[in-house]
Amino acid sequence: MSNPVLDELDRSIVHALHIDGRASFSRIASVLGVSDQTVARRYRRLRSAGSLRVIGLPNARRLGWVEWFVRVQVTPDAAVPVADALARRPDTSWVCLTSGGTQICCVTRVRSSHERDALLLGQLPRTPRVTGVTAHCLLRIFAGGPSGWHGRADSLTPEQVSALAPEPPGERQGRVALQDGDERILAALARDGRTTYPDLSKATGWSEMTAKRRVAQLRRCGALFFDVDIDPLLLGAETLAILWLTVDPARMRSTAEAIAAHPEVPFAAATTGPTNLLVFAACRDVDSLYDFLERGIGNLPGIRQLESAPVIRNSKRVGETQAPGSQ
């Protein structure tokens, strides 16, 4: 695309998909006051360019899984191959290479202690040219995941948001157990969150009606959510950074919620480890990153220490890596 930044209609479509990733083009078009064909054409143009896609993801907390933030130290010649190998795993997100070129950061979700140990104690430490691995459990997510990134969703009026909003998840009552066929549904939606019900029927061997009903059930119980995977450059964010903060425990919630409310923050979570708050920041440029550190974070009480590292290469944002399609 000649202009790397989204225009207002594109941003409205992104906002609509942020509200309901499976909303039909006709429904979005009706709310935006444009034609179905216009919405479909805009979406497919961004999708085919690999700049935007909708993905369906499991909510790890509702399924009883645990998410970890992993920092992998490697030799410079191994950084890109190891990062790309991690990106190909279906259980990873936010795989990136930070400044210096020898540290890979990613988020991974594990279903059991066996899966955790296999990755953190087995596969990664034995990978050639990996010189160190540290892992920090995500205790509470304040931005990202099911809540999404509010910085990409700022175009629609409250009335338009209400018209597009899907039925909210029901009251949480214990963990959700996956049923036969759910794994195939989740795998298909991780590749493309707008996969049609006929295609989901083929993937599961169920009827279209059964596939549709099960997707609705998984959404309703909070086990499945839809996210928008978008290139931050399209939102005008050219500078990405990871921040590690040490916050007084008594001020953790208020600090995390204040930081998560900033449009520059696609992800924020409380973690275990020597630092206890992890933040991903997406800013317009280095000056904007400085302003965010000074004004967005610097004035908050309770922050004792801050470490930051610019992201120099993204191997994966969310969901699975694959060649873009045309859905």
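# Briefing on strands, helix packing and selected residues

Thr-239 has its place in strand β7. The structure described here is a predicted model.

- Beyond its neighbours within four places in sequence, Thr-239 is in contact with Ala-281, Ala-282, Cys-283, Arg-284, Asp-285, Val-286 and Leu-289.
- With one of these residues, Val-286, there is also a polar approach: a polar atom of the Thr-239 side chain lies 3.4 Å from the backbone nitrogen of Val-286.
- Between the C-alpha atoms of Thr-239 and Val-70 the separation is 21 Å, and the two residues are 169 residues apart along the chain.

**Strand β7: Trp-244**

- Trp-244 also lies in strand β7, which spans residues 239-247.
- The relative accessible area of Trp-244 is 3%, so this residue is buried.
- Setting aside neighbours within four places in sequence, the contacts of Trp-244 include Phe-69, Arg-71, Gln-103 and Cys-105.
- Further contacts of Trp-244 are made with Thr-275, Leu-277 and Leu-278, and with Gln-305, Leu-306, Glu-307, Ser-308 and Ala-309.
- Ser-308, one of these partners, is 64 residues from Trp-244 along the chain, while their C-alpha atoms are separated by 6.3 Å.

- Trp-94 is found in strand β3, formed by residues 92-98.
- Although Trp-94 is not a glycine, its phi is positive, at about 55°.
- With a relative accessible area of 18%, Trp-94 is buried, since the class takes values under 20%.
- Cys-96 is placed in strand β3 and is buried, having a relative accessible area of 1%.
- Apart from residues within four places in sequence, Cys-96 is in contact with Gln-103, Ile-104, Cys-105, Ile-242, Val-311, Arg-313, Asn-314 and Ser-315.
- Cys-96 and Val-80 stand 16 residues apart in sequence, and their C-alpha atoms are 9.2 Å apart in space.
- Leu-97 belongs to strand β3 and is likewise buried, with a relative accessible area of 7%.
- Not counting residues up to four places away in sequence, Leu-97 touches Ala-79, Thr-102, Gln-103, Ile-104, Pro-310, Val-311, Ile-312 and Arg-313.
- From Leu-97 to Leu-233 the distance is 17 Å, C-alpha to C-alpha, across 136 residues of sequence.

**Packing of helix α8 against helix α9**

- Two packed helices are described by the distance between their axes and by the angle between those axes.
- Helix α8 (residues 182-191) and helix α9 (residues 197-204) have axes that come within 9 Å and cross at roughly 135°.
- This angle makes α8 oblique to α9, and the crossing is right-handed.
- On the α8 side the meeting residues are Arg-184, Ile-185, Ala-188 and Leu-189; on the α9 side they are Leu-200, Ala-203 and Thr-204.
- By type, the residues of this contact between α8 and α9 divide into 5 nonpolar, 1 polar and 1 charged.

**Packing of helix α8 against helix α10**

- The axes of α8 and helix α10 (residues 208-220) come within 11 Å, with a crossing angle of roughly 80°.
- Helix α8 is therefore roughly perpendicular to α10.
- Asp-182, Ile-185 and Leu-189 of α8 meet Ala-211, Arg-214, Val-215 and Leu-218 of α10.
- The residues in the contact of α8 with α10 comprise 5 nonpolar, no polar and 2 charged.
- Ile-185 and Leu-189 take part in the contact with α9 and in the contact with α10.

**Helix α3: Arg-42**

- Arg-42 is located in helix α3, which covers residues 36-48.
- A polar contact of 3.0 Å joins the side chains of Arg-42 and Asp-10.
- Leaving aside neighbours within four places in sequence, Arg-42 is in contact with Asp-7, Leu-9, Asp-10 and Ile-13.

**A loop residue: Arg-129**

- Arg-129 sits in the loop between α6 (113-123) and β5 (130-143).
- Its phi is near 75°, a positive value in a residue other than glycine.
- Arg-129 is partly exposed, with a relative accessible area of 48%.

Technical notes: Residues numbered from 1 in each chain as written. Predicted model: local features only at pLDDT ≥ 70, side-chain atom pairs only at ≥ 80, totals over all residues. Heavy atoms only, no water. Helix = DSSP H or I, 4+ residues; strand = E, 2+ residues; numbered from the N terminus. Buried < 20%, exposed > 50% of the residue type's maximum accessible area, 1.4 Å probe, protein only. Contact = heavy atoms within 4.5 Å. Polar contact = N/O pair within 3.5 Å; in protein donor to acceptor, adjacent residues only side chain to side chain. Axes fitted to C-alpha atoms, helices over the stretch in contact; angles between N-to-C directions. Parallel < 35°, antiparallel > 145°, perpendicular 65-115°, else oblique. Left-handed = near helix turned anticlockwise from the far one by under 90°. Nonpolar A, V, L, I, M, F, W, Y, C, P; charged D, E, K, R; others polar.
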